[in-house]
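Hi,

Here is the structure I said I would pass on.

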Amino acid sequence: MARDQLQHLLKVSELPRTTIRVIPFEAPYYPGSGQSVYYVRGPVPALDTAQLDQSHGPVFIDAEAQLTQYRLLLERLDAAALDIGRSRELIHKVARGL
């Protein structure tokens, strides 16, 4: 089952406009752990929105001070994650080991 899920991720990662990057367990930190964040960015930064999934439903963030914090979180996630090629290699390796 897990191998099938990993194979599916690999297949989906080949689609246009889809990027899958992995934060390995060996990463020195994992910013944002335990929280789902959807960040919608457009050509006008003042219209960006972050959506947080909460037990009582989604919460939408659009205040500039809070968006600045989520942009910083996304930058940290980007720095901690493997690049696209290395992420795919790790997914392949884990799938083969199952």
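Predicted model: local features only at pLDDT ≥ 70, side-chain atom pairs only at ≥ 80, totals over all residues.

**The cores**

The largest nonpolar core has 7 residues: Tyr39, Ala50, Leu52, Ile61, Leu67, Tyr70 and Leu73. Strand 2 (49–54) and helix 2 (64–80) each give at least two residues to this core, and helix 2 has the largest share of it, with 3 residues. Apart from that core there is another one, made of 6 residues, including Leu10, Val22, Ile91 and Ala95.

Setting aside neighbours within four places in sequence, Tyr39 is in contact with Asp48, Thr49, Ala50, Leu67, Tyr70, Arg71 and Leu74. Two of those names, Asp48 and Arg71, come back below.

**The salt bridges**

Side chains of opposite charge can pair when their charged atoms come close. The count here comes to 4 salt bridges.

Take Arg88 and Glu14: their side chains form a salt bridge, at 3.3 Å from N to O. Arg88 sits in helix 3 and Glu14 in the loop between helix 1 (2–12) and strand 1 (37–40), so this pair ties together parts that lie 74 residues apart in sequence. Arg88 is partly exposed, at 21% relative accessible area, while Glu14 is exposed, at 58%.

Asp78 and Arg21 also meet in a salt bridge, with 2.3 Å from N to O. Here Asp78 belongs to helix 2 and Arg21 to the loop between helix 1 and strand 1, so parts 57 residues apart in sequence are tied together. Both partners count as partly exposed, Asp78 at 44% relative accessibility and Arg21 at 32%.

Then there is Arg71 with Asp48, whose closest N and O atoms are 3.3 Å apart. This pair links distant parts of the chain, with Arg71 in helix 2 and Asp48 in the loop between strand 1 and strand 2, 23 residues apart. Salt bridges with shared partners join Asp48, Arg71 and Glu64 into one network. Is Asp48 buried or exposed? Its relative accessible area is 3%, and the cut-off for buried is under 20%, so Asp48 is buried.

**The far end**

Last, Gly97 comes in the segment after helix 3 (84–96). Gly97 counts as exposed because its relative accessibility is 65%, and exposed means over 50%. From Gly97 to Ser36 is 28 Å in space, C-alpha to C-alpha, and 61 residues in sequence.

Cheers

Definitions and conventions. Residues numbered from 1 in each chain as written. Heavy atoms only, no water. Core = buried A, V, L, I, M, F, W, Y, C linked by side-chain atoms within 4.5 Å. Buried < 20%, exposed > 50% of the residue type's maximum accessible area, 1.4 Å probe, protein only. Helix = DSSP H or I, 4+ residues; strand = E, 2+ residues; numbered from the N terminus. Contact = heavy atoms within 4.5 Å.
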